[in-house]
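Morning, everyone. Please have a look at the model.

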Amino acid sequence: MVPTSIRDYPEWHLGRQNYALWYLEINDQKLVDYLDALRAHFSEFLLEANLRQFHVTLFICGFLTQKTKTYSDDFSFREFEQQSEMLKKEDIASFRLKIGSVDSFTSALFVEVQDTENILFQIRQKLGLVSNEIAALDYYPHITLGLYKKDYSSDLILRKISELPVQYKQAEFDLKVEHLTFGYYQAQTLQGQLYPHQHLFLGDPCCN
């Protein structure tokens, strides 16, 4: 596993502050409690002082700017407005996602999010018509539980996952998505909180 160093990353943010993204908020208290319990189970491996709310990243926009874009990872408010208007015209219906099992990237522990109807993929395609996603990799919807603080072996992490109590392994949750959120976090604060800027509420509620 790849550890995350606790430091400022000036070579990345170049003095810029607000890093913007579209994401799905998680407000279901039972689901939040479940995710908190999972994080506690793996706490010995994860960086402390994680203030970021549980969420599902939808599309990474870049550093917010009201001026002319200077760097390739800048993102203007005008682009945000264009994305927002495009999504409103799509009149997207509210939808459900299923929460899967615990798994691991090389740098972070996460919980799978199953998008069986490819709704997130379709939304991402629309957002990508306005701006290219920053640091785009193959999109894999998930909820991050935490970043690793040391270079642990994958076998150790997998063993810890296998030791999860039965009630966690058998837990079943749906994530009700009734709005999309555009927001940002402060680049100088590692694992700092998300600040919502605008909610885009979805039509035709399916989740009541």
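**The chain and its aromatic pairs**

The chain has six helices and nine strands. Keep in mind that this is a predicted model.

Let's start with overall shape. How does the radius of gyration fit a compact globule? For 208 residues, such a globule would have a value near 17 Å. The chain has 18 Å, so the two agree. Along the principal axes, the C-alpha trace spans about 50 × 45 × 25 Å.

Of the 208 residues, 46% count as buried. The chain exposes about 11400 Å². Carbon and sulfur atoms supply 49% of that area.

Now contacts. Take the ones between residues at least 6 apart in sequence. Of these, 80% join residues at least 24 apart.

A quick word on charge. I have 20 positive side chains and 28 negative ones. The centres of the two sets lie 3 Å apart.

On to the rings. How many aromatic pairs does the structure hold? The count is 16. To describe a pair of rings, we give the distance of the centres and the angle of the planes.

Where do the partners sit? Tryptophan 12 is in helix 1, residues 10–13. Phenylalanine 63 is in strand 2, residues 55–65. They are 51 residues apart, and the pair links distant parts of the chain.

Phenylalanine 63 is buried, at 0%. Buried means under 20%, so the value for phenylalanine 63 qualifies.

Now another pair: phenylalanine 105 and tyrosine 140. The ring centres are 6.2 Å apart, and the planes meet at 80°. Edge-to-face means over 60 degrees, so this pair is edge-to-face.

Both residues lie in loops. Phenylalanine 105 is between strand 4 (95–104) and strand 5 (108–114). Tyrosine 140 is between helix 4 (119–127) and strand 6 (142–147). The pair therefore ties together parts that are 35 residues apart in sequence. Phenylalanine 105 is partly exposed, at 30% relative accessibility. Tyrosine 140 is partly exposed too, at 37%.

Definitions and conventions. Residues are numbered from 1 along each chain as its sequence is written. This is a predicted model: local features need pLDDT of at least 70, side-chain atom pairs count only at pLDDT 80 or more; totals for chains, interfaces and linings use all residues. Side-chain values use heavy atoms; hydrogens and water are left out. Helices (H or I, at least four residues) and strands (E, at least two) are DSSP runs, numbered from the N terminus. The radius of gyration is taken over C-alpha atoms; the globule rule is 2.2 Å times the number of residues to the power 0.38. Buried means under 20% relative accessible area, exposed over 50%, partly exposed in between (1.4 Å probe, protein chains only). Contact means heavy atoms within 4.5 Å. Accessible areas come from the Shrake-Rupley method with a 1.4 Å probe; for residues, only the protein chains shown count as cover. Lys and Arg count as positive and Asp and Glu as negative; His and the chain ends are not counted. The place of a charge is taken as NZ of Lys, CZ of Arg, CG of Asp or CD of Glu. Rings of Phe, Tyr and Trp (its six-membered ring) pair if their centres lie within 6.5 Å; planes under 30 degrees apart count as stacked, over 60 as edge-to-face and the rest as tilted.
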